Every structure is written in C-alpha cells, then in structure tokens.
Amino acid sequence: IPVEPFDLVVFGGTGDLAQRKILPALFRRFCGGQWPEDVLVLGAARKKLDDDGYRALVAGWLKEHAPDRSADCAALDRFLSRVGYVPVEAQGDEGWPELAARLSRDRVRAFYFSVGPRLFGALAERIEAHGMASDKTRIVVEKPFGHDLESARALNATLAGHFRERQIYRIDHYLGKETVQNLMAVRFGNMLFEPLWNSQYVDHIQITVAETVGVDGRESYYDRAGAMRDMVQNHLMQLLCLIAMEPPAKFDPDAVRDEKLKVIRALDPVLPHHIVRGQYVGVDGQPGYREVVGNPRSSTESYIALRAHISNWRWAGTPFYLRTGKRLVARSSVINVMFKDAPHSIFGADAGRHANVLSIRLQPNEGITLKVTIKEPGQGGMRLVDVPLDMSFAEALGPENQVSPDAYERLIMDVVRGNQTLFMRGDEVEAAWAWTDPIIAGWESSGDVPKPYDCGSTGPGDAELLMKRDGRNWQGIK
Ligand code: NAD
C-alpha cells in the first residue's frame, strides 16, 4: 500500500546501522513501489559531506547490502536522486538551520535517531528549537533504551519533554519480522489454537535466540550490558509477550500494547536457581569472550537461560524457558510451544509418547510448523511417527512471497503511516526493566560468575540441567 509523501532524516546516517539496515530497507521499499514520487531522505551526521559525496557512499552500501535490487541502475539512480545529506553536530549548533531549511512544511517528518542514546536528548531539544517539530513529526529510537529502570525512566522523561508518546517509535526489530506478525495471525485469526493456548494444554514454552556471532565490534558496549540487557529485556521479552498475551479487542497500537504490558507485570521474580549465566571460552585457537573484550576478569554473561512464570489465570503452572547466547553452534531464533501429551495412548506403550509442538521460526527460514503425530506408513501394526505440518506461507501463496521483507522495511513504513502497533511503548520498556533489574542486582551483590561454555557449543551444561530437573529437554538449536 503506497504511503503519503514524507521527509526522513537519519541522524547517524553514516553509521553501521544506517549502512546495513536503514538505507537498504528504504531502497527496497522504494523498489517495491511503496513510495510516492515526492520523498526526501536526508543523512545527518558528523562527517563533512555534500549530497553527492553521501550519494556515492549510499550507492556503495546498497551494492553490498541490497545487491539484488541495486543491480537495476535506473532504480538506484532514481532512489539516489531523493537522497541528500547535511553535516550536523548533535550537541552543537552546526548544521541545524540547513537541516530545517531542507524539510518540507506540513507533511510527515520522521527523525531516525540512529545514534547512541546519550544523544537522544540533544537531538530532541534541537529538533524542537529549530522549529522542526509539528503534529506530523515522529521520532524513531533504537535500542538500547536505557541501561536499567532508572535510566529508561530518565530517557522517557527527556523524550516526553519534547514529543508526545504517540510520536515516539521505540524500535525492537524482532517485532517487524514477518513470522512474529504471523504468530498473531495464527493465534487470533484461527479458531484452532486459541482454545488450547493455556496451561491446561500447553506443557511449557521455549524461546531460543541462538547466535553464532560473538561480541566483536561492540566489545565495550557489550561488556557493560551482557545478554540480559542486550537480548532478554527487549527481544525475548517482546516474544514472550506476544505468545502469552490475551487477545486484544482490536489490532490497534494501544490495545496490543496494553495486553503486552499486563504480561510483563504478571511475571514473577525469577528465582536464582532458575537462571544459568554463561560466558564463552575459546577453543581451537579462537579467542574467548574475555580475550575479545580485553577484560580478563569480566563477569558479563554472553549466554543466559532462565525459567520464567506468569502469574495469571491463563498461564499459572506453565513455565516459559528463555535462552539466548553468542558463539553458539548455530544461528537460530525459534519459539516452541510444547503441548501436553495426549492423556492416554490407545496404541500401547511401544507406540511412544508424542506431543504436538508448534514451532515459530524467526530465523533462519522464517516460518511456522506444527508437529503432528500420524501412523508410520507401510509398517505392520500401529507405529506412530511425528511429521511437521508446514504453515510457511511462501509455498501456499506463491513464489513472490518466498522472500519476507526485512523487519526494518516494515517498521520504517509503519512510522511513515503512523502505526505504532509494532513499537514498544514507554511503560512496557520500564516494566521490562523493573523485572530484569533485580535479577542483575542479585548477580552483582553475590559476585556471581558465569559458567564457561565452549565456542560452537549449545551453551553451558547447566542450561540442560535447568530443563532436566523439570523432566524436560530443550529442542535442538540446529
Ligand atoms: P555507529 O557508531 O556506527 O554510528 C554512529 C553515527 O552517529 C555516525 O553516523 C556518527 O557520525 C553519528 N554521530 C555520533 N556522534 C555524533 C554527534 N555528536 N553529532 C552528530 N552525529 C554523531 O553506530 P551504529 O552501530 O550505527 O548504531 C547507532 C545506534 O543504533 C546505537 O544506539 C546502537 O546501539 C543502535 N543499534 C545498532 C545496531 C547495529 O547493528 N549497528 C543494532 C541495534 C541497535
């Protein structure tokens, strides 16, 4: 669906995120025909560049990060003709009048804060001071949104000093993934699942975000953050909310976010013996976490597994197991809804125990599968076997739907449309910090040291024990 004309300013327009994600996403939407003719994208950062200098940089980034689309030179040129650049100092006066002069009046204006959070206040203040804030102005802010509850509150208060909540778009790119939205469609668009979506039929839920990459390139940030702040407080928490929330009355931003907030507020504090922290060590000459961050005594976790409980009518008694880690054996983000066994097997003990599993894969190969039990074909007697029922939409809806749009494409267009459904509200972010802060404070006060695990493994053995103690197992990462 085409959007109305807009101006988009990317603060930090020469940075890593702009290069790899924001500009390629804009370009893909442009190629997808979603833009009206009249759009302006302005990079704004410290580097001294003019429009042509920036366009040459952008062309290089698009060739690298959107090679399929940028092969079409005519499309690339048309896109670049809508791109410009203004050198701006976020904390000073330089560039602001020039920036203000380039923007159109009376149309949607989005400012993407692709800079560190310490600059959010300076940017918000100057946007307002230079007359660039109107009713149609929106700001997009990246993670990390705070370091703890106190800093998140301070950031929210700073932004609220210049913009209303409905103008603030806090990005969690996990929410822009096609499968995450599909999860809501599967849950709330079908009769089939929702009646079973509770502690009576669901044994437990596993949420895994496994990465093969380490912390290279983000060492100093990561060593202050760790997996709890970097992944659990935001991405895993958002996935947990979408799985656990009550059906909102409608698919509108506040209805959805109200329900997510209720989930976070219903989370019990996590007991220390329900958490495993890990830190990777090098094998075969590869550097371990401490070598990479250059801190031989670091007690920051690069892995975490925990068991969470939601104290409400729907989920009491159903554990949610969350795990995430770096330098693991495979890259895989998946939510597994593990249903209970059938109450009685009419096929006898040797037919095995079988339970349905709904797997929602975010990456790689986004898609949803339901494991169902059928008769093993051709065998004498009644032997059972599990087969996946593939609900990936690509096959059913045709080859043009095989490639899901990148999360950033969807989210940036939602900003232009003014749709906040897939963005975090300030109170959600604060509630999530209120849940993680005591856990982190507990480690700090006890001097907890993470368990070592080998690069390329599935994580520390204690994470397996966390499950085994409950008579359960993690689904494989690969
Ligand atoms: P980066 O260091 O690569 O780029 C920072 C950008 O900010 C540069 O364009 C720089 O010129 C500009 N900048 C810095 N100080 C400035 C100032 N005083 N005035 C004007 N411009 C200034 O950072 P990045 O990796 O692109 O990350 C940007 C933001 O996005 C950060 O908040 C980061 O935490 C977040 N983020 C990044 C990624 C990623 O994959 N890179 C992922 C998630 C979130």
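This is a predicted model: local features need pLDDT of at least 70, side-chain atom pairs count only at pLDDT 80 or more; totals for chains, interfaces and linings use all residues.
1. Before anything else, one definition: two strands pair if DSSP finds at least two bridges between them. With that in hand, look at β1 (residues 6-11) and β2 (residues 40-45), which pair in the parallel sense over five bridges.

2. Now zoom out to the whole sheet. Six strands form an open sheet with parallel pairing, and the order to trace is β3-β2-β1-β4-β5-β6. Which strands stand at the edges? They are β3 (83-87) and β6 (168-170); each has a single partner strand, so one side of each is left without a neighbour in the sheet. On average, neighbouring strands here are turned by 20 degrees against each other, if you ignore direction.

3. Next, the helices that go with this sheet. Helix α2 (residues 51-65) lies across β2 and β3, and runs at about 120 degrees to β3. Helix α13 (residues 407-417) packs on the sheet too, touching β1, β4 (108-113), β5 (137-141) and β6. Compare the direction of α13 with that of β4 and you get about 140 degrees.

4. Finally, have a look around the ligand. How many residues surround it? There are 22, and the closest are G12, G15, L17, A45 and A90. Helix α1 (residues 16-31) gives the most to this shell, with three residues. Sorted by class, the shell has nine nonpolar, seven polar and six charged residues.

Conventions
Residues are numbered from 1 along each chain as its sequence is written. Helices (H or I, at least four residues) and strands (E, at least two) are DSSP runs, numbered from the N terminus. Axes are lines fitted to C-alpha atoms, for helices over the stretch in contact, and angles run from 0 to 180 degrees between N-to-C directions. Two residues are in contact if their C-beta atoms, placed from the backbone, lie within 7 Å. A residue is near a molecule or strand if its C-beta atom, placed from the backbone, lies within 6 Å of it. Ala, Val, Leu, Ile, Met, Phe, Trp, Tyr, Cys and Pro count as nonpolar, Asp, Glu, Lys and Arg as charged, and the others, Gly among them, as polar.
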